[in-house]
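Subject: Structure for your reading

Dear colleague,

Please find below the sequence and the structure that I would like to pass on to you. I would be grateful if you kept the structure open while reading the notes.

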Amino acid sequence: EVLYRNYSYVTSPSATMEAHFEELIANIESEIDGNTVLEIGSNDGRLLALMQKKGFSVLGIDPAERLAESARTSGVPTRTGFFGECFARGFPQWDIVIARHVFCHVDDWKDFIRGLEAVSHKETLICIEVPYAGDTLKNCEFDQVYHEHLSFLSIGSMLALLRDSCLHIHKITRYPIHGGAILIMLKPGDTSPFLDWKESITVEDWKAFGIEARAQIDRLRNTVQAFRAQGKSVAALGASAKSTVWINACGFTRKDIAFIADNTPQKQLTVSPGTDIPIVDEGAILRELPDYVVLFAWNFRDEVLEKFALARSKGVKFIIPVPKIEVV
């Protein structure tokens, strides 16, 4: 089909993510002089590869063999497995332990914490980055609720979890990445009281979240269907888990969304789960020039709008679904 013409693989990482990695490393370096790094949930090893270039000695852990092999191929040593107390017993102790966007995928937090204790010496800096429950609620980021995200972390829950642990909160840093994330730095034996964070999350907040999520779904469904009723073409950008949540919640099919453009080669030439909507390369947006593109990758809004400036100059408009529907 015309959608697949001039098909090309695009593998360069997001500029926003690269900038985030640089900021994260700088924050870590400001807290510790250590050289050895263990990353839990290291994915394809991009963060560790960057740290290698800066002189760190690194090791990654990831349960996905294909990702681990990809990391090893690029020169990042990686072990395959699910991190926990038993798995951690086979490792030495590390100066820096990083767990980015993996902690809330774990079904046994206490076992994970015991594993962190096992790989830590008395000066180890542990860095846990997660989407912050407060931001998820505030912006009604319901599309972060899917099978991999077993829980949503608040500082109150972390403090309760660490109550019987030797680990203590050392510092918390906020990041805009992924719609609002926090980096929780832990240290063994750091018993100074942590008083820098004000938090108030209630059951009523979660009830309001559910009501607003249903309203968000209705707004996007109605917006897309109204444009289609006018004879306008609609596509989408970002074949992430977020898009799968949105598409299935709205009941979209290929009649509503012609295709989803994505720069991940493994996703291209497939369909969005549970639908008949094809996933194609990002070049399809400029080739097809749809009237509207639903930006499911809304967490990279500014970068995407700049990247597709040419398409926008040719009349393509983007529908931003979070936190409120916006057409730009």
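The following paragraphs set out what was found.

This is a predicted model, in which local features need pLDDT of at least 70 and side-chain atom pairs count only at pLDDT 80 or more, while totals for chains, interfaces and linings use all residues. Residues are numbered from 1 along each chain as its sequence is written, and side-chain values use heavy atoms, with hydrogens and water left out.

Confidence

The predictor's confidence in each residue is given as pLDDT, on a scale from 0 to 100. The chain has a mean pLDDT of 89, and 92% of its residues reach 70 or more. Over residues 1-13, however, the pLDDT is below 50, and this stretch has 37 contacts in the model beyond near neighbours in sequence; a contact means heavy atoms within 4.5 Å. Where pLDDT is low, the predicted coordinates should not be read in detail.

Helices (H or I, at least four residues) and strands (E, at least two) are DSSP runs, numbered from the N terminus. Two strands are said to pair if DSSP finds at least two bridges between them. Strand E1 (residues 36-40) runs parallel to E2, and 5 bridges join them. Within this pairing, Leu38 has Leu59 of E2 as its bridge partner. On E2 and strand E3 (residues 78-80), the pairing is also in the parallel sense, over 3 bridges. Here Asp62 has Thr80, in E3, as its bridge partner. From E2 the chain crosses through helix H3 (residues 65-73) to E3, in a right-handed β-α-β crossover. A right-handed β-α-β unit is likewise made by E1, helix H2 (residues 46-53) and E2. Right-handed means that, with the strands pointing away from the viewer, the path from the first strand over the helix to the second runs clockwise.

Why is strand E2 (residues 57-62) described as largely enclosed by the rest of the structure? The reason is that 5 of its 6 residues are buried, where buried means under 20% relative accessible area, exposed over 50% and partly exposed in between (1.4 Å probe, protein chains only).

In H2, the residues Leu47, Leu48, Leu50 and Met51 are buried. They lie on the same side of H2, because they cover an arc of only 155 degrees around the axis; the arc is that of the directions from the helix axis to the C-beta atoms. After H2 comes Gly55, with a positive phi near 100 degrees. In the loop between E1 and H2 is Asn43, which is partly exposed at 38% relative accessibility.

Backbone exceptions

Most residues other than glycine have a negative phi, and most peptide bonds are trans. Asn43 has a positive phi, near 55 degrees, and Cys140 has one near 50 degrees. Val322 and Pro323 are joined by a cis peptide bond, with omega about 0 degrees. Pro323 is in the loop between strand E13 (317-320) and strand E14 (326-327).

Cysteines

How many disulfides are there? With a disulfide taken as a pair of cysteine sulfur atoms within 2.5 Å, the count is 0. Cys104 is in no disulfide, and its nearest cysteine sulfur, that of Cys127, is 16 Å away. Cys104 is buried, with a relative accessible area of 5%. The sulfur of Cys250 is too far for a bond, because the closest cysteine sulfur, in Cys140, is 12 Å from it. Cys250 is also buried, with a relative accessible area of 5%.

Yours sincerely
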